[in-house]
Amino acid sequence: MDDVSIKVNIADVVYPLKVTTEDEPKIRKAAKMINDKIKAYRDDYQLADKANLLSMVALQFAVELIQFKDRQWIEDINISADLAEIERMLLETNSPS
């Protein structure tokens, strides 16, 4: 994969990055999400300090990540249970009676 140099603006600070062409759209989307959340916190809570805004955004994303991982773990458990049930049924079907 080819690397490209891009500039990403987060909280009015420009960051030069070298990323793969595959990751570029994801990084740009992530930067937009961060900036959108910063704007929302600034508007909703009248926060002006960038450190506070970034801290709140980081906290929100961390909570969302934890929720996603918890949900994924639960889904993995359900899939494992389903697979075990299918395996049991196959064994019953293939076992001599």
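This report describes the strand pairing, core, surface and selected residues of a predicted model.

**Strands and hairpin**

Strand S1 spans residues 3-10. Its partner is strand S2, residues 13-20; the two run antiparallel and are joined by eight bridges. Within this pairing, Asp3 stands opposite Thr20 in S2. The hairpin formed by S1 and S2 has two residues between the strands, and Ala11 takes a positive phi near 55° there. Asp12 lies in the loop between S1 and S2, and its phi is also positive, near 65°. Asp12 has a relative accessible area of 58%, over the 50% limit, and therefore counts as exposed.

Most residues other than glycine have a negative phi. Another exception is Gln46, which is not a glycine and has a positive phi of about 55°. Gln46 is placed in the loop between H1 and H2. Its relative accessible area is 64%, so Gln46 is classed as exposed.

**Core**

The largest nonpolar core has ten residues, among them Ile6, Val8, Ile10 and Ala11. Val19, Ala31, Ile38, Tyr41, Leu53 and Val57 also belong to this core. At least two core residues come from each of three elements: strand S1, helix H1 (24-45) and helix H2 (50-94).

Which residues does Ala11 contact, leaving aside its neighbours within four places in sequence? The contacts are Asn35, Ile38, Lys50 and Leu54.

Lys7 is found in strand S1. With a relative accessible area of 62%, Lys7 is exposed. Not counting residues up to four places away in sequence, Lys7 touches Val14, Tyr15, Pro16 and Arg28. Lys7 and Lys32 are 25 residues apart along the chain, and their C-alpha atoms are separated by 13 Å.

Leaving aside neighbours within four places in sequence, Lys37 is in contact with Val57, Gln60, Phe61 and Glu64.

**Helix H2 and the surface**

Ile79 is found in helix H2. Together with Leu83, Ile86 and Leu90, Ile79 makes a nonpolar surface patch of about 380 Å². The relative accessible area of Ile79 is 47%, which lies between the limits of 20% and 50%, so this residue is partly exposed.

Ala62 is also in helix H2, and at 34% relative accessibility it counts as partly exposed. Ala62 and Asp2 are 60 residues apart in sequence, with a C-alpha to C-alpha distance of 30 Å.

**Accessibility of the residues discussed**

| Residue | Relative accessible area | Class |
|---|---|---|
| Lys7 | 62% | exposed |
| Asp12 | 58% | exposed |
| Gln46 | 64% | exposed |
| Ala62 | 34% | partly exposed |
| Ile79 | 47% | partly exposed |

Definitions and conventions:
Residues numbered from 1 in each chain as written. Predicted model: local features only at pLDDT ≥ 70, side-chain atom pairs only at ≥ 80, totals over all residues. Heavy atoms only, no water. Core = buried A, V, L, I, M, F, W, Y, C linked by side-chain atoms within 4.5 Å. Buried < 20%, exposed > 50% of the residue type's maximum accessible area, 1.4 Å probe, protein only. Helix = DSSP H or I, 4+ residues; strand = E, 2+ residues; numbered from the N terminus. Contact = heavy atoms within 4.5 Å. Patch = residues over 30% accessible without salt bridge, like charges linked within 9 Å, V, L, I, M, F, W, Y side chains within 5 Å. Areas by Shrake-Rupley, 256 points an atom, 1.4 Å probe, with all protein chains shown as cover. Salt bridge = Lys/Arg side-chain N within 4 Å of Asp/Glu carboxyl O. Pairing = 2+ DSSP bridges.
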